[in-house]
Amino acid sequence: MKHAPVLLIHHGDTPLGEAVAWLASEQYRIAIAGEDSFTGNQLCSQLHAEGRQAMFLETRRHQSQDHRRNVERILRRWQQLDVVINLPRHISVGPFEATSASQWEYQLQAQLMDTVHLCQSSLSALRQQDRGRILNVILEFGLLPAPMTACQSAMSAAIKALSDSLYAEQHENAVSVSAIAIPLLSEYDALVEASDPLSSARFQRRASQTAASLEEVSGAIVDAIPNDRPLQIATPEIRSQWRQKRWFRRRWEDALKQLGKRYRSHL
């Protein structure tokens, strides 16, 4: 593993981040960036016990300089950075009119601008090496908006558009940037930031009913690393919804309207 490529997992202290780290550690040296130092350091200790190389890097909320500092620490220790995976941590749900301006601003900073700062810090290192990969992982709402997800849909769609733009802009530099959409997972229950208790309960129930598993999604993310494409749709569940939206749009829109009517009947 001494000369293995280096993978930075932003929000690697989440359940999905841990699953991705374990899968990827067979081929990569792993840098775990996140807010939870206890979970991050514990994961690194477990990886070390299995003979894997790993390090934890703290990333504080709204501290853009942490990304630059973390990339510098990786380069000092391992002299290279090959892949960056940016996982979701914040999930905002609730009726549009119940989402305050301050909540919109918070999600803008915590999701979109955090991704911007991570990409800026990573691209400088990847371009100097003349190779590299950035994979921004978004929730399905960025491709398939649903009722009560206006804020989250906007953030995920913006990250998707940013990734596509960077894909075209950086491709001649042998640096690939793309986005992969994943379904809402039950393991993300604790990360849902709802405007009200009812919205929280609804989306926790929706997450618990998803057909996708943590193992399936983490495997799709790791498998997407070598695929040089501007858009990845990770699971059969999302592909099915995407096909319905494309080929049976009226049916898809009617289903959304019924879901919105059912959600809003309790407001």
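**Reading a predicted model, feature by feature**

Trainee: Is C119 buried or exposed?

Mentor: C119 is buried, as its relative accessible area is 3%. Here buried means under 20% relative accessible area, exposed over 50%, and partly exposed in between (1.4 Å probe, protein chains only). A word on the background: this is a predicted model, where local features need pLDDT of at least 70 and side-chain atom pairs count only at pLDDT 80 or more, while totals for chains, interfaces and linings use all residues. Residues are numbered from 1 along each chain as its sequence is written, and side-chain values use heavy atoms, with hydrogens and water left out.

Trainee: How many disulfides are there?

Mentor: A disulfide is a covalent bond between the sulfur atoms of two cysteines. The rule used here asks for a pair of cysteine sulfur atoms within 2.5 Å. By that rule the count is 0 disulfides. C119 is in none, and its nearest cysteine sulfur, that of C151, is 19 Å away.

Trainee: How do I read the chain as a whole? How many helices and strands does it have?

Mentor: The chain has 9 helices and 9 strands; these are DSSP runs numbered from the N terminus, helices being H or I of at least four residues and strands E of at least two. With a radius of gyration of 18 Å, close to the 18 Å from the globule rule for 267 residues, the chain is as compact as a globular protein of that length. That radius is taken over C-alpha atoms, and the globule rule is 2.2 Å times the number of residues to the power 0.38. The C-alpha trace spans about 60 × 40 × 35 Å along its principal axes, and buried residues make up 52% of the 267 residues.

Trainee: And what should I look for in phi?

Mentor: Most residues other than glycine have a negative phi. Now look at H11, whose phi is near 65°, a positive value. H11 sits in the loop between β1 (6-10) and α1 (15-24), and it is buried at 5% relative accessible area. Q79 also has a positive phi, about 60°, without being a glycine. Its place is the loop between α3 (65-78) and β4 (83-86), and with 59% relative accessible area Q79 is exposed.

Trainee: What is the volume of the largest pocket, and which residues lie nearest its centre?

Mentor: Rolling a probe the size of a water molecule over the atoms shows where empty space is left. On a 1 Å grid over the protein atoms alone, a pocket is an open set of points where a 1.4 Å probe fits, with protein on both sides within 12 Å along at least five of seven lines; lining residues have an atom within 4 Å of a point. Points are joined across faces, edges and corners, and a volume is the space filled by probe spheres set on them. The largest pocket has a volume of about 230 Å³. Its lining has 14 residues, with R205, R206, A207, Q209 and T210 nearest the centre. The largest share, 4 residues, comes from α6.

Trainee: Which residues line the second largest pocket?

Mentor: They are L144, P145, A146, R206, Q241, Q244, W252, A255, L256 and L259. Two or more residues each come from α8 and α9, and α9 gives the most, with 4 residues. The space there is about 180 Å³.
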